[in-house]
Amino acid sequence: MEKKAELHYEGKVFEIPVVTGTEQENALDISKLREQSGLITLDRGFKNTGSCKSAITFLNGEEGILRYRGYSIEELAEKSSFLEVSFLLIYGELPTQEELAKYTNDIDIHTLVHEDVKSILDGYPSKAHPMGVLSSLVSALTAFYPKSIDPNRSQEQINGTIIRFLAKLPTLAAWSFKNRVRQPIVYPQNGLSYTENFLHMMFSLPTNNDKVNPVVSNALDKLLILHADHEQNCSASTVRIVGSSHASLYASVSAGIAALWGPLHGGANQAVIEMLEEIKADGGDVSKYIAKAKDKSDSFRLMGFGHRVYKNFDPRATIIKKAADDVLKELGVSDPVLDIAMELEKVALNDEYFKTRGLYPNVDFYSGIIYRALGIPTDMFTVMFAIGRLPGWIAQWKEMRESGEPIGRPRQVYTGATERAYINMENR
Ligand code: ACO
């Protein structure tokens, strides 16, 4: 039976249909509410608003559940590779052996970017943050592939754009880092795995061509899986809303990268290490910073703690914490900043303020730690997140286009001046 809710307002009753998802989540469908009653809904930060129906990722923040296309994140992180997971997210099913071989090969042969990208890179100052560079280079891909601007092309053509994107993003990311450190760029090497190839472009020099440490590339592959999608978060919503105007995939994801950059979203992984370094430079007194985070007159927040939807634990953080422990042990890393992280985690987890507000370490708390141990420079952390999130953004964009979503255009409650007469300059 169709479920309905009733709204009683000013002596009238309005029926509101209830939409139920496959995990029995219920939502009020208020799309006709304004027509019927003159009312809109107000929900700053979309804290309780579903913006779409989606079959990609299921997340239950209360129980700490995260599944991509029905498969648990725990199982995918243990058994799958990042490319397999990206195929799953984008096309809806795990690939067969043949499909995966073809997909991997298609990506492998598209990793090179146009030589003219190098002259664009030359134009950036060396201080340029790699996230800004990455966002603009992704947008610049439309210049090299002008046909990709049209999102209404055939399935096969859109697929070509998707493959090219997955193949080229690590190259653009590594080159944005090389620009930052003013080193010569390193070309992609076919035959390496997705993460090996990225690490090769990041850390090999044309003069040494060092082999990538498998402990490092395996840990990175797992991290990318954990970051691959997270339903309607700030950057995914950005990608969908930009794409809803029929902007291209590259343009939509370029905007998503900008959304991810902020410290309240993906930029938190960089902010975590900067905060830990600040604590260390200030004498390492963790309790002082816990007190600052609790003080409402101080804008300081513990970076890497808290999450909009996870209020008990972040399942990705549990997996990543274990991976971080393994990597630190395997690589024999000892770092005073990491010791501060461990102490901070212990103190915060036992503090009433954090416990009552459901503030636990999130994925970015541990990913910052692990990236640092892997030798990834701090301002590249969010770029790593972007590489991991690309399949999710693509899947969200593709789903949004294929389901024919209308242009995203929220309403507002206006609180400004009501109509008034213009005041001539001499009277102001
Ligand atoms: N440190 C101290 N206090 C915090 C923190 C924190 N990190 N996070 C939330 N709080 C407090 C708030 O002050 C508020 O307290 P109050 O109820 O006494 O006013 C309460 O907890 C609820 O916080 P909100 O800001 O309302 O929660 P919201 O869901 O809007 O924010 C967010 C979630 C943005 C993640 C927040 O917890 C935060 O800023 N965390 C630090 C940044 C961070 O780690 N971001 C990464 C998120 S994961 C990701 O994007 C991949």
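Predicted model: local features only at pLDDT ≥ 70, side-chain atom pairs only at ≥ 80, totals over all residues.
The strands come first. Strands pair through backbone hydrogen bonds, either parallel or antiparallel. Strand E1 (residues 4-9) pairs with E2 in the antiparallel sense, and the pairing runs over six bridges. Within this pair, Glu6 has Glu15 in E2 as its bridge partner. E1 and E2 form a hairpin with two residues between the strands. Glu10 in this hairpin takes a positive phi near 45°.

E2 also pairs with E3, again in the antiparallel sense, here over three bridges. Val18 stands opposite Leu28 in E3. The hairpin of E2 and E3 has five residues between its strands. Gln24 lies in the loop between strand E2 (12-20) and strand E3 (26-28). The phi of Gln24 is near 65°, a positive value in a residue other than glycine. Gln24 is also exposed, because its relative accessible area is 57% and exposed means over 50%.

A further group of three strands forms an open sheet. The order is E4-E5-E6, and the pairing is antiparallel. Strand E4 (57-60) and strand E6 (71-72) are the edge strands, and each pairs on one side only. Strand E5 (residues 65-68) pairs with E6 over two bridges in the antiparallel sense. Here Arg67 stands opposite Ser72 in E6.

The helices are considered next. Two packed helices are described by the angle between their axes and the distance between the axes. The crossing of H3 past H18 is right-handed. On the H3 side, the contact involves Phe82, Ser86, Leu89, Ile90 and Tyr91. On the H18 side, these residues meet Ile387, Gly388, Pro391, Gly392, Ile394, Ala395 and Lys398. By class, the contact of H3 with H18 has eight nonpolar, three polar and one charged residues. In an α-helix there are 3.6 residues a turn, so residues three or four places apart point the same way.

The axes of H12 and H18 come within 7 Å and cross at roughly 155°. That angle makes H12 roughly antiparallel to H18, because the cut-off for this class is over 145 degrees. H12 passes H18 in a right-handed crossing. The contact of H12 with H18 has three nonpolar, three polar and no charged residues.

Helix H17 (residues 363-373) is mostly covered. Ten of its eleven residues are buried. The buried residues include Val363, Asp364, Phe365, Tyr366 and Ser367. Gly368, Ile369, Ile370, Tyr371 and Ala373 of H17 are buried too. The buried residues of H17 pack against helix H9 (214-227), helix H12 (268-281) and helix H14 (315-331), among others. Helix H15 (336-349) and H18 are also among the packing partners of H17.

Asp221 is found in helix H9. Asp221 counts as buried, because its relative accessibility is 16% and the limit is under 20%. Asp221 touches Ser80, Ser81, Phe82 and Thr195, not counting residues up to four places away in sequence. Asp221 and Ala77 are 144 residues apart along the chain, yet their C-alpha atoms are separated by 8.8 Å.

Ala140 is found in helix H6 (residues 130-144). Ala140 is buried, with a relative accessible area of 18%. Ala140 and Ala251 are 111 residues apart in sequence. In space, the C-alpha to C-alpha distance between Ala140 and Ala251 is 8.4 Å.

Arg182 lies in the loop between helix H7 (155-180) and helix H8 (194-203). Arg182 has a positive phi of about 50°, although it is not a glycine. With a relative accessible area of 49%, Arg182 is partly exposed.

Notes
Residues numbered from 1 in each chain as written. Heavy atoms only, no water. Left-handed = near helix turned anticlockwise from the far one by under 90°. Helix = DSSP H or I, 4+ residues; strand = E, 2+ residues; numbered from the N terminus. Contact = heavy atoms within 4.5 Å. Nonpolar A, V, L, I, M, F, W, Y, C, P; charged D, E, K, R; others polar. Pairing = 2+ DSSP bridges. Buried < 20%, exposed > 50% of the residue type's maximum accessible area, 1.4 Å probe, protein only. Axes fitted to C-alpha atoms, helices over the stretch in contact; angles between N-to-C directions. Parallel < 35°, antiparallel > 145°, perpendicular 65-115°, else oblique.
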